[in-house]
Amino acid sequence: MIMFFPESPRWLISKERHEEAIAIMAKYHGDGDANAPIVQLQIREITDDFAATHNENPWWEFRELVNTKAARYRLYMVISMAFFGQWSGNNVVSYFMPAMVKQAGITDPNKQLLINAINPIFSMLAAMYGATLLDKLGRRKMLLGGLAGGLFSYVLLTAFTATAKPSNDLAYGTIVSIYLFGIFFAWGWTPLQTLYAVECLENRTRAKGSGLNFLFLNIAMVVNTYGISVGMEKIGWKLYLVYIGWIVVEMAIIFFFFVETAGKTLEELKEIFEAPNPKKASTQRVRVEMTESGKVVNVDPTV
């Protein structure tokens, strides 16, 4: 399918193929009209950005990821997504679901296998549905919604696991809680695990920033692999209380610091990250007036 994707207008402009870039922008942003103001504005923004930032970018040079306040803020978003995407309780469910089911009192291997096999199906369907809502709801609402659902599921999971006995059938409440967590997390986070980190980076630093994202992601996974098993063995279901507290911390950080990237160009995001309060700047509505040629004549920030 990728063979049929159009080239990026930004890449085409960098190769001096301006007419092709304008044609693609007109098709997807201007209803086929190459002279549409939004098309002319975005072409002008891309061209001006290349003129201002075009210089050598050797593969081994990582200083531009940290050399300005805006660059460091971008990097904080990238690192946060790497750790939050692995430390939100999802890997407990993914790696240790048989142990969780056993703790809840379900010891039949066939039932454990069936429960383990059904869970990823629900998660896949939820992730597919979540992907259709990314631009409609925005990144922040998706991330916060996924964690809110995950928090609710972990509270249920803790309560059911702590009180489940063979005589009261509450173990099935544990299973429902696990499924709910998988659905909520896959809906809000699976479509954004890589996408959000890339969107937070400038075009020229995306390859290096993505590399760091995967580096920290793998560090988080190593901690999960060796840490969760110890926690499950030492404190059992009480480990879920740790994740409840940590999810609350994650939600607070996302609410107060994460920027909204949905529907914004790289040039708009550059202004947002350079603002005194990037999160506030990203969620603020702006009215833009421009001429038919795409020249901006007035920008009116509104709440």
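**Exercise 1. Determine which residues Ser80 touches, and whether Ser80 is buried or exposed.**

Step 1. Leaving aside residues up to four places away in sequence, Ser80 touches Gly85 and Phe258; contact means heavy atoms within 4.5 Å.

Step 2. Ser80 belongs to helix α4. Helices are DSSP runs of H or I with at least four residues, strands are runs of E with at least two, and both are numbered from the N terminus.

Step 3. Ser80 counts as buried because its relative accessibility is 17%. The classes are buried (under 20% relative accessible area), exposed (over 50%) and partly exposed in between, with a 1.4 Å probe and protein chains only.

The model is predicted: local features need pLDDT of at least 70, side-chain atom pairs count only at pLDDT 80 or more, and totals for chains, interfaces and linings use all residues. Residues are numbered from 1 along each chain as its sequence is written, and side-chain values use heavy atoms, with hydrogens and water left out.

**Exercise 2. Identify the residues that touch the most other members of the largest nonpolar core, and the element that gives the largest share.**

Step 1. A nonpolar core is a set of buried Ala, Val, Leu, Ile, Met, Phe, Trp, Tyr and Cys residues joined through side-chain atoms within 4.5 Å.

Step 2. The largest such core has 49 residues, and those touching the most other members are Met100, Tyr154, Trp189, Tyr196, Ile254, Phe258 and Phe273.

Step 3. Elements giving two or more residues to this core include α4 (69-84), α6 and α12 (239-257). Helix α9 provides the largest share, eight residues.

Step 4. Apart from this core lies another, of ten residues, including Ala21, Ile22, Ile24 and Val39.

Step 5. With residues up to four places away in sequence not counted, the contacts of Ile254 are Phe84, Arg140, Leu143, Leu144, Leu147 and Trp189.

**Exercise 3. Describe helix α6 by its span, its start and its buried residues.**

Step 1. Helix α6 covers residues 109-131, 23 residues in total, and reaches 34 Å from its first C-alpha to its last. This is close to the 33 Å expected, the expected span being 1.5 Å times one less than the number of residues.

Step 2. At the start of α6, a side-chain oxygen of Asp108 comes to within 3.1 Å of the backbone nitrogen of Asn110.

Step 3. Buried in α6 are Gln112, Ile115, Asn119, Ser123, Ala126, Ala127 and Gly130. An α-helix has 3.6 residues a turn, so residues three or four places apart point the same way.

Technical notes
Polar contact = N/O pair within 3.5 Å; in protein donor to acceptor, adjacent residues only side chain to side chain.
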